[in-house]
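User: I have a structure open and would like to learn how to read its features one at a time. Could you walk me through it?

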There are 2 protein chains.
Amino acid sequence: MSSPLLEQLIEAFRVLPGVGQKSAQRMAYHVLERERAGGQRLADALAAAVDRIGNCERCRDFSETPVCPTCSSASRDVHQLCVVESPADRLAIEQATGYRGLYYVLQGRLSPLDGIGPAELGLDRLASRLAEGEVSELIVATNPTVEGEATAHYLGQLARQYKVRPSRPTHGVPLGGELEYVDRGTLSHAFGSRSEMS
Amino acid sequence: MSSPLLEQLIEAFRVLPGVGQKSAQRMAYHVLERERAGGQRLADALAAAVDRIGNCERCRDFSETPVCPTCSSASRDVHQLCVVESPADRLAIEQATGYRGLYYVLQGRLSPLDGIGPAELGLDRLASRLAEGEVSELIVATNPTVEGEATAHYLGQLARQYKVRPSRPTHGVPLGGELEYVDRGTLSHAFGSRSEMS
């Protein structure tokens with residue numbers, strides 16, 4: 001290649017998820033050919049984000065301040081606490097639902113084989129928060145995967161230990177989905193837990 | 001969202017080709033969760049590339065130096081000049097073929113409707129280079145699109161004007177392709193220009 005800097009840039013783009021050699025090359029050429037100002041903006045935004053975004057002390061979500069705006073907001077319901085695996089899950093719930101309680105972001109899920117236990121997910125801090133007695137409902141919104149379910153089970157037990165009511169979003173057929181294309185497990189669950197029509 | 005810096009980062013990722021809101025979000029979270037060092041490297045590489053990569057004075061390819069390593073190399077054949085539309089095309093030819101001549105990168109193609117004429121592609125500089133008399137063959141490797149073909153036609157005339165022999169990579173059935181799936185235009189061309197088997 002004609003430029004070592006260009007080679008470094010292509011290599012650097014490959015840290016992004018889903019970006020291989022060809023896409024990285026396309027991104028580098030695109031920025032150099034047509035988006036130099038945008039490239040500079042991206043460089044600045046990346047450097048600032050990596051440098052200044054940490055985790056909220058209360059909920060472990062990404063935050064620029066020690067306590068994030070949601071946790072320090074006076075208008076949120078402190079009696080409900082929703083546990084999610086990742087900041088992306090938190091954002092999805094915040095955007096899709098009218099939930100006004102608080103969040104707790106695990107930044108992972110229980111996965112003993114990878115050495116991720118309760119300590120790595122900050123569950124001791126979650127426990128002491130439940131012990132404070134302010135939370136009355138723990139909404140366990142981990143992903144419906146094997147590891148997510150195991151984490152949910154653990155969280156459910158933890159909640160009961162502190163006399164907090166655990167709940168979990170319903171599983172079932174997605175809205176707009178067609179029964180024919182729903183996976184067996186989901187369909188079986190949805191069928192078994194059918195409810196009376198109103 | 002919980003952090004304005006995070007929002008800026010997601011917005012900034014969208015300058016990349018093929019990256020929409022969801023991918024940008026995924027990239028930002030990925031960098032913050034798992035690749036902070038890689039993110040910092042990408043920020044540095046981007047800033048350095050945008051700042052220091054310009055165009056070679058001779059061939060218009062990307063280069064950190066006024067004249068790129070290929071153009072200043074003593075081991076390349078100065079009698080052959082290959083014209084391509086973009087640096088990516090140049091790289092593809094350099095990697096796939098044993099070509100040892102020089103290149104000329106148009107950084108675009110003739111497109112009168114978009115206001116891209118011979119001047120925007122630096123064809124005046126190409127003409128004066130052909131006038132020097134060193135080049136004996138002009139390999140016109142523009143893309144086989146409508147605009148690429150028009151550009152090729154123009155370049156062919158330009159070459160003849162300076163008594164330089166213009167040539168063009170053969171069109172035909174791709175190696176490893178199946179006749180059944182080759183588009184009609186290509187198949188018709190390949191069939192019409194069939195050559196005797198040796």
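User: Where in chain A is Gln107(A) placed?

Analyst: Gln107(A) sits in the loop between β4 (101-105) and α6 (123-131) of chain A. Helices (H or I, at least four residues) and strands (E, at least two) are DSSP runs, numbered from the N terminus. A word on the ground rules: this is a predicted model, where local features need pLDDT of at least 70, side-chain atom pairs count only at pLDDT 80 or more, and totals for chains, interfaces and linings use all residues. Residues are numbered from 1 along each chain as its sequence is written, chains are lettered from A and ligands numbered from 1 in the order in which they are written, and side-chain values use heavy atoms, with hydrogens and water left out.

User: What is the phi of Gln107(A), and how do I read it?

Analyst: Here is the general idea: most residues other than glycine have a negative phi. Gln107(A) has a positive phi of about 55°, although it is not a glycine. Arg60(A) is another non-glycine residue with a positive phi, about 65°, and its place is the loop between β1 (54-55) and β2 (62-63) of chain A.

User: Are Gln107(A) and Arg60(A) buried or exposed?

Analyst: Start with the cut-offs: buried means under 20% relative accessible area, exposed over 50%, and partly exposed in between (1.4 Å probe, protein chains only). Gln107(A), at 26%, counts as partly exposed, whereas Arg60(A), at 14%, counts as buried.

User: Which residues of chain A does UniProt list for "zinc finger region: C4-type"?

Analyst: The UniProt record, an unreviewed entry, lists residues 56-71 of chain A under that name. UniProt positions are given in the numbering used here, feature names are shortened, and annotations may be inferred rather than shown by experiment. In the model, the end C-alpha atoms of residues 56-71 of chain A lie 8 Å apart, and the span is 19% helix and 12% strand.

User: What does Tyr103(A) touch?

Analyst: Contact means heavy atoms within 4.5 Å. Not counting residues up to four places away in sequence, Tyr103(A) touches several residues, among them Cys59(A), Thr70(A), Arg76(A), Cys82(A) and Glu94(A). Tyr103(A) is found in strand β4 of chain A and is buried at 1% relative accessibility. Tyr103(A) and Cys71(A) are 32 residues apart in sequence and 7.9 Å apart in space, C-alpha to C-alpha.

User: Which partner does Arg168(A) have in a salt bridge?

Analyst: The partner is Glu149(A), with the closest N and O atoms 3.3 Å apart. This pair links distant parts of the chain, 19 residues apart: Arg168(A) is in the loop between β6 (165-167) and α8 (184-192) of chain A, and Glu149(A) is in helix α7 (residues 146-161) of chain A. Arg168(A) is partly exposed at 28%, and Glu149(A) is partly exposed at 32%. In chain B, Arg168(B) forms a salt bridge with Glu149(B), where the closest N and O atoms are 3.3 Å apart.

User: What does His30(B) touch?

Analyst: With the same exclusion of residues up to four places away in sequence, His30(B) touches Val15(A), Pro17(A) and Glu35(B). His30(B) lies in helix α2 (residues 21-34) of chain B and is buried at 17%.

Conventions. Salt bridge = Lys/Arg side-chain N within 4 Å of Asp/Glu carboxyl O.
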